[in-house]
Amino acid sequence: SLKIDLGALFDNPIIFNDLSSEMDLNLIDEKVSISNSVFKATYKKTLIQGKLNLFASPFDNTGDLSLNITSDELDYSDALNLFPNLNYTRLTKSWLQKSITCGSLQGFVFVYRAPIDNKYDDSSSSFQSKGLLNNACLNINDIDINNIKLVSEIKNSSFFGQILDSDLYGSKIEGTVKTYKDDINYRLELKGKSEGPFATILRLSNLNQIFDTELDESGEHNTNFYFISPLVSDFDLLGKNSDLKLSTKIKGASFRNRNTNLNFSNLYSSLEYDSSIGVKDGFATLKINNIPVKFDIKRGKENGVFNTKFIAKENFSAKNIFSDLENRNEIKGSSIFKIRLTLPSFIKEQPFIDPKIEVLSNLKGVSINLPDPLKKLRDSEVEFNLILKPYLNMPPMLSFKYGELFRGKFRFLNNLTEGFVIAGKKKQS
């Protein structure tokens with residue numbers, strides 16, 4: 001076996017077992033040199049092949065080491081252990097070690113050249129590596145991408161990866177990932193496209209928790225993305241110095257809210273997003289319990305905090321709105337209803353607010369043929385509002401108010417619903 005221990009240059013000493021080699025040793029001016037000497041060995045139980053050169057220094061008794069290693073397949077962590085800890089590779093290597101959690105490098109090639117004493121007074125260093133990263137797992141800001149097939153190449157301070165295939169919560173991703181040094185900082189850049197089921201969008205945006213969704217198999221998205229950030233160990237997708245841009249098209253999507261039994265279907269939308277300004281003005285069309293609705297999408301602001309608003313104003317039949325009531329046949333007519341969905345802005349450095357769904361109407365045009373005080377004439381107005389707050393960290397809450405007659409609140413606790421209804425202006429004991 002051969003043990004190569006160059007101090008802090010590598011994470012651990014490199015040990016080659018079952019070593020066989022044809023060495024071409026030369027002694028020139030009492031200095032040893034090695035020329036194109038090939039070897040075979042096992043490294044971490046994997047067969048490798050290599051070529052070794054030692055170029056004697058004309059200035060002292062040291063020299064430059066040139067090491068070339070190839071392997072048909074090498075575990076990702078074993079391969080990363082072969083990456084030297086140079087000033088210009090340290091950040092890229094650290095990010096790769098933290099982000100890649102599984103996979104292997106196929107057709108792995110490693111080329112390293114540097115002074116053997118790690119002193120650069122009369123010499124310099126270079127490092128290159130390439131290979132196919134296969135069946136890999138990548139975690140970026142707690143987002144898991146699996147089954148990655150990526151052609152990778154490292155040249156000194158830069159890393160370039162071409163993503164040929166991968167799985168992001170059921171969607172396919174193709175694109176590029178790069179690390180490089182600009183005039184000031186090391187940077188990470190991701191660029192590409194993704195397509196697949198609408199469920200991916202719900203999960204990435206946390207809307208699956210906000211709406212407590214039950215999904216069917218319909219709906220798809222087609223998304224282009226671009227992300228750039230300083231290359232740091234704990235970067236944030238919405239960090240101060242990061243930029244994230246998305247453009248997505250959604251068609252035929254459907255989902256259901258567990259708590260309210262609302263069915264959302266036939267969702268079509270085209271959205272553009274920039275982490276500096278939020279969602280750009282757009283629209284979405286869908287059916288809510290088979291009622292067609294069109295939402296305008298825009299950025300809003302309340303109490304100094306930006307948000308994203310989905311706003312619809314439609315004339316709805318009272319039978320459709322109050323379809324679950326026992327006396328629904330006594331409710332006739334239609335009225336203008338305003339539906340407002342408020343979400344976080346997803347603008348960097350902005351707080352992540354709790355979502356809110358509001359349904360508002362004065363019920364003009366609706367008649368209720370019930371005894372007083374529930375009786376309502378078609379042309380009279382009664383303020384009606386319903387607010388659902390699907391909190392992320394506590395059970396969702398539904399509140400409503402019908403003029404001065406009724407108001408109430410309900411909280412959904414797993415399979416249990418608790419709450420109260422108050423009749424009249426003041427709470428009754």
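The model is predicted: local features need pLDDT of at least 70, side-chain atom pairs count only at pLDDT 80 or more, and totals for chains, interfaces and linings use all residues. Residues are numbered from 1 along each chain as its sequence is written, and side-chain values use heavy atoms, leaving out hydrogens and water.

**Exercise 1.** Find which residues of helix H2 are buried.

Solution. Helices (H or I, at least four residues) and strands (E, at least two) are DSSP runs, numbered from the N terminus. Buried means under 20% relative accessible area, with a 1.4 Å probe and protein chains only. In H2, residues 90–99, the buried residues are Thr 92, Lys 93, Trp 95, Leu 96 and Ser 99. These residues lie on the same side of H2 because their arc around the axis is only 165°, taken from the directions from the helix axis to the C-beta atoms.

**Exercise 2.** Find which cysteines a disulfide joins.

Solution. A disulfide is a pair of cysteine sulfur atoms within 2.5 Å. Cys 102 and Cys 137 are joined, with S to S 1.7 Å. The link is right-handed, with 70° about the S-S bond. Cys 102 is in strand E7 (residues 100–115) and Cys 137 in strand E8 (residues 126–140), so the pair ties together parts 35 residues apart in sequence. Cys 137 is buried, at a relative accessible area of 16%.

**Exercise 3.** Find which residues have the most contacts inside the largest nonpolar core.

Solution. A nonpolar core is a set of buried Ala, Val, Leu, Ile, Met, Phe, Trp, Tyr and Cys residues joined through side-chain atoms within 4.5 Å. The largest has 95 residues, and Phe 16 and Phe 110 have the most contacts inside it. E7 gives the most to this core, six residues.

Technical notes:
Buried < 20%, exposed > 50% of the residue type's maximum accessible area, 1.4 Å probe, protein only.
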